Amino acid sequence: MTELAAVKAALKTQAVETPSWAYANSGTRFKVFAQAGVPRNPREKLDDAAKVHEFTGVAPTVALHIPWDKVDDYAALAQYAQERGVTLGAINSNTFQDDDYRLGSICHPDPGVRRKAVDHLLECVDIMDATGSRDLKLWFADGTNYPGQDDIRERQDRLAEGLAEVYGRLGDGQRMLLEYKLFEPAFYTTDVPDWGTAYAHCLRLGDKAQVVVDTGHHAPGTNIEFIVATLLRERKLGGFDFNSRFYADDDLMVGAADPFQLFRIMYEVVRGGGLGPGVAFMLDQCHNIEAKIPAIIRSVMNVQEATAKALLVDREGLVAAQRSGDVLAANAVLMDAYNTDVRPLLGEVRQEVGLDPDPIAAYRRSGWAEKITAERVGGQQAGWGA
């Protein structure tokens with residue numbers, strides 16, 4: 001197989017999971033902006049996700065968020081997804097939108113509140129059983145705002161205890177993916193603030209527990225590719241939440257703020273053998289002012305472009321320059337790959353699998369936007385928290 005053929009083959013196997021909530025209304029802290037044609041229920045979210053997969057060919061799974069996507073029959077929802085050419089992916093829990101969680105959920109000082117939070121996580125595993133989902137994705141808004149508010153070490157003990165109970169409930173082939181976040185909404189201490197804390201808990205739990213890297217959850221200047229390389233080396237990178245940031249957890253389209261960073265991350269993924277099914281590539285984005293489906297298609301394409309450039313890095317030339325101590329030559333190898341226009345290559349890849357080389361143009365010609373705008377009139381639009 002030629003080098004170019006190997007790159008194409010790798011690109012054809014890539015899969016990017018889209019989040020159900022990205023198809024719903026969202027906004028800033030001040031206003032949620034409604035758009036015409038937004039889904040009104042989980043099935044309509046799956047309809048939109050199926051269109052993203054139809055035009056990109058690499059978005060075959062859809063993450064659910066409970067209770068935002070709560071239904072009476074999850075097996076039926078999974079069947080509905082399959083009939084539209086997609087499957088249900090990660091199940092995302094919600095322990096941050098109940099009044100009881102004002103002082104935390106799984107780390108709350110009240111054992112009754114902790115019990116409520118853990119029971120919700122166990123419910124999510126039940127949903128995984130019904131949908132056939134592999135991954136339980138956990139993010140906790142737990143933390144404190146003031147010194148002395150709670151015992152920092154004891155909160156870690158509560159976290160470990162709750163995670164261990166949920167971990168013990170996982171079945172064969174199921175995983176727990178633990179996310180971290182530097183701050184927000186807690187401003188003094190956050191109970192899972194960084195990859196090291198998440199890694200420490202996952203290491204104690206066992207092989208079914210792995211870390212999720214959200215590209216928007218770091219302090220400015222953080223070398224995210226170092227984190228990715230380290231977690232891959234330790235076999236503890238479970239997946240990504242791809243988005244983009246300027247200041248905090250902006251949840252912008254992946255690659256929007258710093259496409260070079262996305263390339264650097266994807267190079268470490270390629271270098272560390274992370275392109276296989278063991279690492280879940282998920283989007284976690286809010287499309288507030290732009291049309292949602294085209295924005296998600298564009299995000300998928302941005303991941304593909306960064307991956308293609310990472311695959312084109314001259315590994316032999318890079319290693320030779322690194323081992324000889326030629327700093328400029330080593331950097332030039334990376335820059336040559338990054339500066340390559342991979343859009344024609346990806347167009348060829350899409351055509352080879354029977355897709356339009358331009359997914360955005362194909363979507364616009366499809367008439368789907370006009371169809372859902374006309375048909376989804378009335379009822380309650382889905383939104384952040386619904």
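Author: The side chains of asparagine 92 and lysine 137 make a polar contact at 2.7 Å. A polar contact is a pair of N or O atoms within 3.5 Å; within protein, one must be able to donate a hydrogen and the other to accept it, and residues adjacent in sequence count only if both atoms are side-chain atoms.

Reader: What are these values based on, predicted or otherwise?

Author: This is a predicted model, where local features need pLDDT of at least 70 and side-chain atom pairs count only at pLDDT 80 or more, while totals for chains, interfaces and linings use all residues. Residues are numbered from 1 along each chain as its sequence is written, and side-chain values use heavy atoms, with hydrogens and water left out.

Reader: Back to asparagine 92. Buried or exposed?

Author: Asparagine 92 is buried, at 5% relative accessible area. Buried means under 20%, exposed over 50% and partly exposed in between, using a 1.4 Å probe on protein chains only.

Reader: Where is asparagine 92 in the fold, and what does it touch?

Author: Asparagine 92 belongs to strand β5, residues 87-92. Leaving out residues up to four places away in sequence, asparagine 92 touches Trp21, Ala63, Leu64, His65, Ile66 and Lys137. Contact here means heavy atoms within 4.5 Å. Strands (E, at least two residues) and helices (H or I, at least four) are DSSP runs, numbered from the N terminus.

Reader: How do the strands of the barrel pair, and in what order?

Author: Eight strands close into the barrel, in the order β1-β4-β5-β6-β8-β10-β11-β12, with parallel pairing. On average, neighbouring strands of this sheet are turned by 30° against each other, direction ignored. Two strands pair if DSSP finds at least two bridges between them. Axes are lines fitted to C-alpha atoms, for helices over the stretch in contact, and angles run from 0 to 180 degrees between N-to-C directions.

Reader: Take β4. How many of its residues are buried?

Author: Five of the five residues of β4 are buried, so β4 is largely enclosed by the rest of the structure. Thr61, Ala63 and His65 point one way from β4, and Val62 and Leu64 the other way.

Reader: Which strands pair with β4, and over how many bridges?

Author: Strand β1, residues 16-19, pairs with β4 in the parallel sense over two bridges; proline 19 has alanine 63 as its bridge partner in β4. Four bridges join β4 to β5, also parallel, and threonine 61 stands opposite threonine 87 in β5.

Reader: And what sits across β11?

Author: Helix α8, residues 259-271, lies across β11 and β12 (280-283) and runs at about 160° to β11. Four bridges join strand β10 (residues 209-214) to strand β11 (residues 237-242), running parallel, and valine 212 has glycine 239 as its bridge partner in β11.

Reader: New topic. How much space is in the largest pocket, and what lines it?

Author: The largest pocket holds about 1,100 Å³. Its lining has 35 residues, with Lys181, Asp249, Asp251, Cys286 and Trp384 nearest the centre. The elements giving two or more residues to that lining are β2 (26-27), β3 (32-33) and β6 (135-138). On a 1 Å grid over the protein atoms alone, a pocket is an open set of points with protein on both sides within 12 Å along at least five of seven lines, whereas a cavity is a set where a 1.4 Å probe fits but cannot get out; lining residues have an atom within 4 Å of a point. Grid points are joined across faces, edges and corners, and a volume is the space filled by probe spheres set on the points.

Reader: How many cavities, then?

Author: The whole structure has two cavities of 30 Å³ or more. The largest cavity has about 60 Å³ of space, and its lining residues include Lys181, Glu184, His217 and Asp249.

Reader: What about the backbone at glutamate 184?

Author: Phi of glutamate 184 is near 80°, a positive value in a residue other than glycine. Glutamate 184 is in the loop between β8 and β9 and counts as buried at 17% relative accessibility. The peptide bond from glutamate 184 to proline 185 is cis, with omega near 10°.

Reader: Where is the cis bond at proline 67?

Author: That cis bond joins isoleucine 66 and proline 67, with omega about 15°. Proline 67 is in the loop between β4 (61-65) and α3 (74-83).
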